[in-house]
Amino acid sequence: MDIKSDESELRALMLAGLDGDATSQKVLLKKLSGYLRAYFKGQLARIGRGPVDAEDLVQETLISVHTKRHTYDRAQLLTPWVYAIARYRFIDYLRRSKTAKVDVPIEEAEEVFALDDASPVESSIDLKKLLAQLTPKTRQALQLVKLDGLSINEAAERAGVSQSAIKVSVQRGLNALSLLVRQRSPS
């Protein structure tokens with residue numbers, strides 16, 4: 001059994017959880033923990049680390065999935081969204097542990113940062129290509145708030161703009177991305 005074959009079940013659990021079914025949410029997090037554990041053990045092995053930190057990364061990712069579930073787009077696949085969060089948690093781990101590409105054997109560096117278990121189920125929509133079509137200001141606001149998970153206040157401080165400017169940029173960015181996705185979708 002792989003995560004790709006479980007996408008519809010996991011997505012149904014997520015949607016039920018979003019609609020207030022606490023049991024479905026609990027089952028979803030339990031099922032995701034197994035996939036995430038395997039993902040993080042693989043990533044840690046690629047950089048020559050043992051699986052000791054995998055459990056912390058799983059817990060951090062599950063907390064992020066739970067606290068950011070309101071940002072999940074019901075029309076999209078669930079697993080790419082979950083793996084995007086997991087990748088950010090792993091990058092945060094690398095930053096915290098002072099691990100960088102220089103610590104990874106050069107022949108494995110691209111693999112560590114480019115490959116993951118989610119590649120077979122990645123959405124056909126390439127978020128980076130979509131974001132590249134936005135203005136730098138809008139792209140930065142979306143990156144900070146929606147992808148990095150910063151609060152409006154934190155994002156405004158980091159970008160050196162007002163909170164209102166961040167809110168407006170995020171809303172404009174979401175509207176622009178929505179339009180771009182609709183234009184790409186087959187009719």
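Helices here are DSSP runs of H or I with at least four residues, numbered from the N terminus. Their axes are lines fitted to C-alpha atoms over the stretch in contact, and angles run from 0 to 180 degrees between N-to-C directions. This is a predicted model, in which local features need pLDDT of at least 70 and side-chain atom pairs count only at pLDDT 80 or more, while totals for chains, interfaces and linings use all residues. Residues are numbered from 1 along each chain as its sequence is written, and side-chain values use heavy atoms, with hydrogens and water left out.

Let's begin with two helix pairs. Two packed helices are described by the angle between their axes and the distance between the axes.

| Pair | Angle | Axis distance |
|---|---|---|
| H1 (residues 7-18) and H2 (residues 22-46) | about 140 degrees | 8 Å |
| H7 (residues 136-147) and H8 (residues 152-159) | roughly 135 degrees | within 9 Å |

The angle of about 140 degrees between H1 and H2 makes H1 oblique to H2. Angles under 35 degrees count as roughly parallel, over 145 as roughly antiparallel, 65 to 115 as roughly perpendicular and the rest as oblique. The crossing of H1 and H2 is left-handed, meaning that the near helix is turned anticlockwise from the far one by less than a right angle; clockwise would be right-handed. Residues in contact (heavy atoms within 4.5 Å) include Leu10, Leu13 and Met14 of H1 and Leu28, Leu32 and Tyr35 of H2. By class, this contact of H1 with H2 has eight nonpolar, three polar and two charged residues.

Now for the interior. A nonpolar core is a set of buried Ala, Val, Leu, Ile, Met, Phe, Trp, Tyr and Cys residues joined through side-chain atoms within 4.5 Å, where buried means under 20% relative accessible area (1.4 Å probe, protein chains only). The largest core has 28 residues, and Leu32, Leu36, Phe40, Leu78, Trp81 and Phe90 have the most contacts inside it. H1, H2, H3 (54-67) and H4 (78-96) each supply at least two residues of this core, and H4 gives the largest share, nine residues. A second, separate core has 14 residues, including Val145, Ala155, Ile166 and Leu180.

Which residues of H7 are buried? They are Thr138, Ala141, Leu142, Leu144 and Val145. The crossing of H7 and H8 is right-handed, and Gln140, Leu144 and Val145 in H7 meet Ile152, Ala155, Arg158 and Ala159 in H8. Just after H7, glycine 149 has a positive phi of about 80 degrees.

Definitions and conventions. Ala, Val, Leu, Ile, Met, Phe, Trp, Tyr, Cys and Pro count as nonpolar, Asp, Glu, Lys and Arg as charged, and the others, Gly among them, as polar. Buried means under 20% relative accessible area, exposed over 50%, partly exposed in between (1.4 Å probe, protein chains only).
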